[in-house]
Amino acid sequence: MRAIAGTDQLSIVTLPDPEPGPDDVVIDVVAAGVNRADLLQRRGFYPPPPGAVDTIGLEVSGRIAAVGSRVTDWTIGDEVCALLAGGGYAEKVAVPAVQVLPKPTDVDLVEAAGLPEVACTVASNLLMTAQLRDQELLLVHGGSSGIGTHAIQVAHALGARVAVTARTADKLTRCRELGADIVIDYTSEDFVQVVRDSGGADVILDIIGAKYLARNVEALNTGGRLVIIGMQGGVKGELAIGALMAKRAAVFGTTLRSRPVLGAGSKAEVVATTRRITWPLIETGAVDPIIDSTFPLADVEAAHARLDSGDAIGKVLLTVG
C-alpha cells in the first residue's frame, strides 16, 4: 500500500513478490503496526530513507517464507516480528535478518506486530541512550500512546519510577494500571511542578519537541537526560543553555528509521539489545503488548483515523491476508 503522489490518499497496488538478498528473510505478513510516521509519510512529510521501499509500514508480524543464502538464525515457517525501514502494509516483505525478532511465546501473532517499533524505540532511547537506572524517575510524555504504554511497563519492570502526561481519566487510569507512579493531566496540571515536587526527572522521553523544550529542561534533575523522539509540538525551540549547564544535564535527539542496518548505533544493535533486555520481560508477562484496535488492511483509512484522533490507548494494527 502506497501514498498517492501529491495527495494524502492511499492505494493498493500489485507488485512482484520480494526476493531475499543473501542476508535477508522474506516474511508472509499476518499483521502490521500503524505508526505516526505512517501518517506523516502519506502526507509527504516523512519519505523513506535511501534504498527503502516506498510502501508504508515500519513493523510487521508473520511467518518466514524464504531465507537468504547467508542467513542461519531463521528457518522457513518461524513465527516472527520485524522492524522495517518500510514495506509493512503488504502481503510479503523482505527485511534484513538482523532486524527480525522471534514471536514471544504467549503473545498472539497478530498482536506481535505491535511490538517491534515500540520495543526498539524504548530500548534504544531509555536503555542505550539515556541509560535509565533503578529508582530513577522517568517522565514519559504521551503515556497512553504505543510507545508510552510500552515505556511505562519496561521502566517499571526495571525498577525505575515512572511519571506520565496524558489526557482524560481513562488514559490516566490505564497508565497507572500499567505501572505509572505519577499521572499528570496535562490539560489541567503543570507537569513541571508535579515532577519537581517529586524530586525532578532523571530521564524524560519526549514526543512533543519544541513546545516542551524549555519546560522539559526545567523539569530535569541534576544529571538528567532529555531524549527527544518526536516533533508533534514543533521543530524549533530555544534551549536554556545556562540551566542545562547548571544541572549538568544532556539533551539527545534520536530517530530509528534512518539508522543503518549494521554498525555502531545500528538497527542490528538496537534489535539485539531489545531481544536481550525486553524480550525476557515479555516472556515472563512483566511487559505486554497493549493493543487499542485492529483493522483489516482494506480499512486502512479507518485505522489511520483512529491513530490520528489521539484517542487510542496503545497500538493500532492492520491485519493482512
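How many residues of the lining of the second largest pocket are nonpolar, polar and charged? The lining divides into 22 nonpolar, 8 polar and 7 charged residues, where Ala, Val, Leu, Ile, Met, Phe, Trp, Tyr, Cys and Pro count as nonpolar, Asp, Glu, Lys and Arg as charged, and the others, Gly among them, as polar. The structure is a predicted model, in which local features need pLDDT of at least 70 and side-chain atom pairs count only at pLDDT 80 or more, while totals for chains, interfaces and linings use all residues. Residues are numbered from 1 along each chain as its sequence is written, and side-chain values use heavy atoms, with hydrogens and water left out.

The volume of this second largest pocket is about 780 Å³. Among the 37 lining residues, Thr55, Gly87, Ala90, Lys92 and Val93 are the closest to its centre. A pocket is an open set of points on a 1 Å grid over the protein atoms alone, where a 1.4 Å probe fits, with protein on both sides within 12 Å along at least five of seven lines; lining residues have an atom within 4 Å of a point. Strand E6 (residues 92-96) gives the most to the lining, with 5 residues; strands (E, at least two residues) and helices (H or I, at least four) are DSSP runs numbered from the N terminus.

The loop between strand E5 (79-83) and E6 holds Tyr89. Tyr89 counts as buried because its relative accessibility is 1%; buried means under 20% relative accessible area, exposed over 50%, and partly exposed in between (1.4 Å probe, protein chains only). Although Tyr89 and Glu59 are 30 residues apart in sequence, their C-alpha atoms are 8.8 Å apart in space.

Most residues other than glycine have a negative phi. Gln131 is partly exposed, because its relative accessibility is 48%, whereas Gln135 is exposed, with a relative accessible area of 52%.

Leu239, Ile241, Met245 and Val251 make a nonpolar surface patch of about 370 Å². Such patches are made of residues with over 30% relative accessible area and no salt bridge, nonpolar side chains (Val, Leu, Ile, Met, Phe, Trp, Tyr) being joined within 5 Å; a salt bridge is a side-chain nitrogen of Lys or Arg within 4 Å of a carboxyl oxygen of Asp or Glu. Leu239 is located in the loop between strand E12 (220-228) and helix H7 (241-246), and counts as partly exposed at 38% relative accessibility.

Conventions: Patches are made of residues with over 30% relative accessible area and no salt bridge: like charges are joined within 9 Å, nonpolar side chains (Val, Leu, Ile, Met, Phe, Trp, Tyr) within 5 Å. Accessible areas come from the Shrake-Rupley method with a 1.4 Å probe; for residues, only the protein chains shown count as cover. Grid points are joined across faces, edges and corners, and a volume is the space filled by probe spheres set on the points.
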